[in-house]
Amino acid sequence: MYNLARQLLFKLSPETSHDLSLDLIGAGGRLGLNGLLTKAPARLPVQVMGLSFDNPVGLAAGLDKNGAAIDGFAQLGFGFVEIGTVTPRPQPGNPKPRIFRLPEATAIINRMGFNNLGVDNLLNRVRASQYKGVLGINIGKNFDTPVERAVDDYLICLDKVYAHASYITVNVSSPNTPGLRSLQFGESLKQLLDALAERREALVGLHGKRVPVAIKIAPDMSDEETAQVAQALLGAGMDAVIATNTTLGREGVEGLAHGDEAGGLSGAPVRERSTHIVKVLAGELAGRMPIIAAGGITEGKHAAEKIAAGASLVQLYSGFIYKGPALIREAVDAIAALPRT
Ligand SMILES: Cc1cc2nc3c(=O)[nH]c(=O)nc-3n(C[C@H](O)[C@H](O)[C@H](O)COP(=O)(O)O)c2cc1C
């Protein structure tokens, strides 16, 4: 059934098709119909970051930036749903066109630039949702906040979303907000993590609950840089790392239509690079912090590969666009078939 829908959707521009799909998934969710579209995945409960997941396969950030279709995505069988990236103030993002399909490579290039309706709107959508499962809220900075003041934006979002999120993701790895990725390194990272850790302690006192904080990183890092990030996250008492966001690399798409568009590349071409980052992190973290893997899962076995590489959970984006909701079940089944460690 998704094959038919995909044929129609892929005739539209990627962004029109994205908006329409989101509307349909949202409407289906409000009517409670989405469970009828696809066979539910097997239950494969896992505990990660102190949270209980029905299964380890989640929706990656960026598809539902405003939390407009939380119930709809949950009904498709995701074990958790991450919404955002959201910024303190609404912003339009980059000029269109800004998403490109590269079907020969099962890939997408995007330079959306955190188009979103702002954190207050997102919280209204969260309040309106019926979803009781694990909800991640992914936070970022406005494009016109200078990168030296980025911490302020993250703290504004942290304060606002804290009471409503199962976990919070700090996105320092989008390639489409100038300067953002510099926050992954050295003193900038340390200052950001210290500020987040300090504010979180205050929020624990205020709300009487400790909401886990995850940091989402880029695949475009050397092993040494990855190891340094891992140590910084451990040092600051963060709760998880999400690996990875999209890549600035163009390996695997050279010469293809749209292959040289500016932005972040996702889907099949980023898979090996992302899995490599998971392996380096796993070696460095040695079980002291869970890893959530995203990047190039377009078949069930790729999800199992990420878990075997050391991840505790996985997330889908591009593979979900190309393969539809059946990929969720496939991924859960492939993970369930892994030998238990
Ligand atoms: C169109 C598009 C928009 C995205 N927007 C965000 C975002 O707002 N925040 C974020 O953390 N990641 C965002 N991502 C990255 C995905 O969450 C994911 O980390 C990345 O695409 C790799 O996974 P994939 O290969 O399964 O797509 C976006 C990806 C795409 C394709």
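Does Leu20 count as buried, partly exposed or exposed, and at what relative accessibility? In this predicted model, Leu20 has a relative accessibility of 35%. Leu20 therefore counts as partly exposed, because that class lies between the buried limit of under 20% and the exposed limit of over 50%.

**Surface patch**

Leu20 belongs to helix H2, which spans residues 14–31. Together with Leu12 and Leu24, Leu20 makes a nonpolar surface patch of about 240 Å².

**Ligand site**

The shell around the ligand holds 20 residues, of which Ala61, Thr85, Gly267, Gly296 and Ser318 come nearest. By class, this shell consists of 13 polar, 5 nonpolar and 2 charged residues. Two strands, E6 (107–110) and E11 (264–267), each contribute at least two residues to the shell.

| Residue | Protein atom | Distance to a ligand oxygen atom |
|---|---|---|
| Ser318 | polar side-chain atom | 2.6 Å |
| Gly296 | backbone N or O atom | 2.7 Å |
| Tyr317 | backbone N or O atom | 3.2 Å |

On its own, the ligand has 600 Å² of accessible area, and the protein covers 98% of that area.

Terms used: Residues numbered from 1 in each chain as written. Predicted model: local features only at pLDDT ≥ 70, side-chain atom pairs only at ≥ 80, totals over all residues. Heavy atoms only, no water. Near = heavy atom within 4 Å. Polar contact = N/O pair within 3.5 Å; in protein donor to acceptor, adjacent residues only side chain to side chain. Areas by Shrake-Rupley, 256 points an atom, 1.4 Å probe, with all protein chains shown as cover. Helix = DSSP H or I, 4+ residues; strand = E, 2+ residues; numbered from the N terminus. Nonpolar A, V, L, I, M, F, W, Y, C, P; charged D, E, K, R; others polar. Patch = residues over 30% accessible without salt bridge, like charges linked within 9 Å, V, L, I, M, F, W, Y side chains within 5 Å. Salt bridge = Lys/Arg side-chain N within 4 Å of Asp/Glu carboxyl O. Buried < 20%, exposed > 50% of the residue type's maximum accessible area, 1.4 Å probe, protein only.
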